[in-house]
Amino acid sequence: MISKESKIYIAGHRGMVGSAIWRQLSEQGYTNLIGLSSSELDLKDQKAVATFFETEKPDVVIDAAAKVGGILANNSYPYQFLMENMQIQNNLIDASLKNDVEKFIFLGSSCIYPKLAPQPLKEDYLLTNSLEPTNEWYAVAKITGIKAVESIRKQFGKDYVSLMPTNLYGTHDNFDLNTSHVLPAMIRKFHEAKENGHAPVTLWGSGTPMREFLFVDDMAASVIFALENRLPEHLYNVGTGVDLTIKELAELIQKVTGHTGEILWDSEKPDGTPRKLMDVSKMHELGWKHKVDLENGIARTYQWFLENINNFKEMKMS
Ligand SMILES: NC(=O)c1ccc[n+]([C@@H]2O[C@H](COP(=O)([O-])OP(=O)(O)OC[C@H]3O[C@@H](n4cnc5c(N)ncnc54)[C@H](OP(=O)(O)O)[C@@H]3O)[C@@H](O)[C@H]2O)c1
């Protein structure tokens, strides 16, 4: 039985998602949280992970540790994206099984679904067609994690589960324009253009692709929902179930940041997939739903950006 005293190990507790899970568990009175940075415990090191589990004996493991990155990083380092992610999750999953961890929550990503799958993406579409080639290394690693979790449920009947988040954003996001995702990159671009006399902001593509975004605290809440309830299946999508065009997103961020200059679209740059929306009806049926709407989430993220702006000064502009 999970209680407020259960020993909960959050792998990746300093990351955007892991830190949100840690904050929310602390706020809700969970008193026995443990986490180590990658320099204290390299999760690629099987022996070190095995020793850590034998010593600590956690009741619950939340896997929010991964090697993450954009298209460029995935294309440049396919071996690391495949192998390091498999090593991290394999070591955590196998040590959890061997040490009788009661509950394991694995975090994946929407890129596990086929490139040309129908929209919105249902959990059943897993392994029905070819993946998007630019991030297939990362996606294949995540799929092996989902299958490991599923096989443990099937063979040992344990309460292990995989959650697949849509695009996430929020406090502790990455605002480095060389490596950031679209939403934090836009926040930074609009803010800097405002400071620069409301200069025009140039954005990539046509602005027509549609995307879905979930505030990171809502993601953390879904993890706590999975922690406190035994979910009947092995795999669940986590998102808002609502998308908008990149142009609409830009206008929302422009409004929140107070930029009044022009928005220019560089249509020479690629658009990516036209639409990527999760079907979240399974989580809704079980009783979990997101709470933070996009405008409010962007405002909270912008506030955090302003409070931490000095930490981003050294990051390069693209
Ligand atoms: N951000 C998104 O939009 C998004 C969307 C969908 C899914 N997800 C999933 O959510 C999870 C967390 O993502 P995030 O955005 O929070 O990433 P993040 O901010 O980059 O955090 C990743 C964490 O993983 C840890 N880590 C990486 N390699 C490690 C190693 N070898 N040993 C120990 N720890 C290691 C890092 O620890 P240190 O800081 O100590 O180095 C870091 O805290 C990932 O599984 C990702 O696929 C994220």
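**Entry 1: the ligand's oxygens**

I started at Lys142, where a side-chain N or O atom sits 2.7 Å from an oxygen atom of the ligand. I'm reminding myself that this is a predicted model. Next I looked at Leu168: a polar atom of its backbone is 3.0 Å from a ligand oxygen. Leu107 also uses its backbone, with an N or O atom 3.5 Å from an oxygen atom of the ligand.

How much of the ligand's accessible area does the protein cover? I looked that up too: on its own the ligand has 890 Å², and the protein covers 83% of that.

**Entry 2: who is around the ligand**

Then I checked which elements give two or more residues to the shell, and I got α1 (16-27) and α5 (136-156). The shell holds 25 residues, and Lys142 is among the closest, along with Val17, Ser38, Leu43 and Tyr138. I sorted the shell by class as well: 13 residues are nonpolar, eight are polar and four are charged.

**Entry 3: helix α6**

I moved on to α6, which runs over residues 182-195 and has 14 residues. From first C-alpha to last I get 20 Å, close to the 20 Å expected at 1.5 Å a residue.

Which residues of α6 are buried? My list has Leu183, Pro184, Ala185, Met186, Ile187, Arg188, Phe190, His191 and Ala193. I noted that Arg188, a charged residue, is on that buried list.

Last, I looked past the end of the helix. Gly197 follows α6, and its phi is positive, near 70°.

How values were computed: Residues numbered from 1 in each chain as written. Predicted model: local features only at pLDDT ≥ 70, side-chain atom pairs only at ≥ 80, totals over all residues. Heavy atoms only, no water. Near = heavy atom within 4 Å. Polar contact = N/O pair within 3.5 Å; in protein donor to acceptor, adjacent residues only side chain to side chain. Areas by Shrake-Rupley, 256 points an atom, 1.4 Å probe, with all protein chains shown as cover. Helix = DSSP H or I, 4+ residues; strand = E, 2+ residues; numbered from the N terminus. Expected span 1.5 Å × (residues − 1). Buried < 20%, exposed > 50% of the residue type's maximum accessible area, 1.4 Å probe, protein only.
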